[in-house]
Amino acid sequence: MTSTAPHRAPPGPPVEDVPGGLPEEDRAAVPALGALERRVMDVLWDCPDQLCARRVLDRLTATELAYTTVATVLTNLTRKGLAERVPGARRWNYRPALSREEYAVACVEQALGAAGDRAAALRLLAARLPAGERDALRD
C-alpha cells in the first residue's frame, strides 16, 4: 500500500512558532524510537539536506541493511510524525519533522507528565545536572 501524497504535518502552529518547540497538544504523545529508528533519525538530524532512502542507507554503515528495511523505517517515522516525506524528482526524500533538541524536550516533557509531582521531578533533574548545565537553565 503506497501513498502518492506527501506527508503533511499535523494542523497547528509551526514548531518554531511555539515556545518550547512542539504545540501543546503534541507534547504528551511523542513516540519512542526503536534502535534502528533512532539511527535513521540521527542520519536525518545530522544532514542539512533532504535524503532519499538510498542516501539514508548509505549513511548507516554499522550493519548491513536491506534498502526495503530503511524505506519501511522511513515510512514508519513519517507515519509517527517524526519525519516528513517530500516529493523529489524521481523518489521520495525525507527530512526530520522536528529537531533533535525539540524531540529531546518532548521526551522530557512526556516523562515529567508521568511524575506525580512535576515540580519535585524538575528539582531532582536540576540537582543532577552539572553546574554548567544548571547555569544554562537560568539563561
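# Questions on a predicted model

Visitor: Asp46 and Arg100 meet in a salt bridge, but at what N to O distance?
Guide: Side chains of opposite charge can pair when their charged atoms come close. The side chains of Asp46 and Arg100 do meet. Their salt bridge has an N to O distance of 2.9 Å.

Visitor: How many residues apart in sequence are the parts that Asp46 and Arg100 tie together?
Guide: Asp46 sits in helix H2.

Visitor: Is Asp46 buried or exposed?
Guide: The cut-off for exposed is over 50% relative accessible area. Asp46 has 54% relative accessibility.

Visitor: How many salt bridges are found in the whole structure?
Guide: The Asp46 and Arg100 pair is a salt bridge. Glu84 and Arg95 form one too. So do Asp135 and Arg138. A search of the whole structure gives seven.

Visitor: Glu84 forms a salt bridge with which residue?
Guide: The closest N and O atoms of this pair are 2.7 Å apart. Glu84 forms the bridge with Arg95.

Visitor: Which strands hold Glu84 and Arg95?
Guide: The two residues are 11 residues apart, and their pair links distant parts of the chain. Glu84 belongs to strand S2, residues 83-87. Arg95 belongs to strand S3. The strands are S2 and S3.

Visitor: Is Glu84 buried or exposed?
Guide: Buried means under 20% relative accessible area. Arg95 has 33% and is partly exposed. Glu84 has 16% relative accessibility, so Glu84 counts as buried.

Visitor: What separates Asp135 and Arg138 in helix H7?
Guide: These two form a salt bridge, with the closest N and O atoms 2.8 Å apart. Both lie in helix H7, residues 131-138. They are three residues apart, which means a separation of about one helical turn.

Visitor: Is Arg138 buried or exposed?
Guide: Asp135 is partly exposed at 42% relative accessibility. Arg138 has 63%. The cut-off for exposed is over 50%. Arg138 therefore counts as exposed.

Visitor: The side chain of Asn93 reaches the backbone nitrogen of which residue?
Guide: Asn93 is in strand S3, residues 92-96. At 17% relative accessibility, Asn93 counts as buried. Leaving out residues up to four places away in sequence, Asn93 touches Gln50, Leu51, Cys52, Glu84, Arg85, Val86 and Gly88. At 3.4 Å, the Asn93 side chain reaches the backbone nitrogen of Cys52.

Visitor: How many residues has the largest nonpolar core?
Guide: Val40, Leu44, Val56, Leu74 and Leu77 have the most contacts inside this core. The core as a whole has 23 residues.

Visitor: Which elements give two or more residues to this core?
Guide: They are helices, and one of them is H2, residues 35-46. Val40 belongs to the core residues with the most contacts. Beyond its neighbours within four places in sequence, Val40 is in contact with Val56, Leu60, Val73, Leu74 and Leu77. The elements giving two or more residues are helices H2, H3, H4 and H5.

Visitor: What is the relative accessible area of Met41?
Guide: Met41 is found in helix H2. Not counting residues up to four places away, Met41 touches Leu33, Leu77, Leu82 and Pro96. Met41 is buried, with a relative accessible area of 0%.

Visitor: Which residues make the nonpolar surface patch of about 220 Å²?
Guide: One of them is Leu122, found in helix H6, residues 118-128. Leu122 is partly exposed, with a relative accessible area of 39%. The patch is made by Val108, Leu122 and Leu125.

Visitor: What share of the 139 residues counts as buried?
Guide: The protein has seven helices and three strands. Its accessible surface comes to about 9000 Å², and carbon and sulfur atoms hold 54% of that. Of the 139 residues, the share that counts as buried is 29%.

Technical notes
Residues numbered from 1 in each chain as written. Predicted model: local features only at pLDDT ≥ 70, side-chain atom pairs only at ≥ 80, totals over all residues. Heavy atoms only, no water. Helix = DSSP H or I, 4+ residues; strand = E, 2+ residues; numbered from the N terminus. Buried < 20%, exposed > 50% of the residue type's maximum accessible area, 1.4 Å probe, protein only. Polar contact = N/O pair within 3.5 Å; in protein donor to acceptor, adjacent residues only side chain to side chain. Contact = heavy atoms within 4.5 Å. Patch = residues over 30% accessible without salt bridge, like charges linked within 9 Å, V, L, I, M, F, W, Y side chains within 5 Å. Areas by Shrake-Rupley, 256 points an atom, 1.4 Å probe, with all protein chains shown as cover. Salt bridge = Lys/Arg side-chain N within 4 Å of Asp/Glu carboxyl O. Core = buried A, V, L, I, M, F, W, Y, C linked by side-chain atoms within 4.5 Å.
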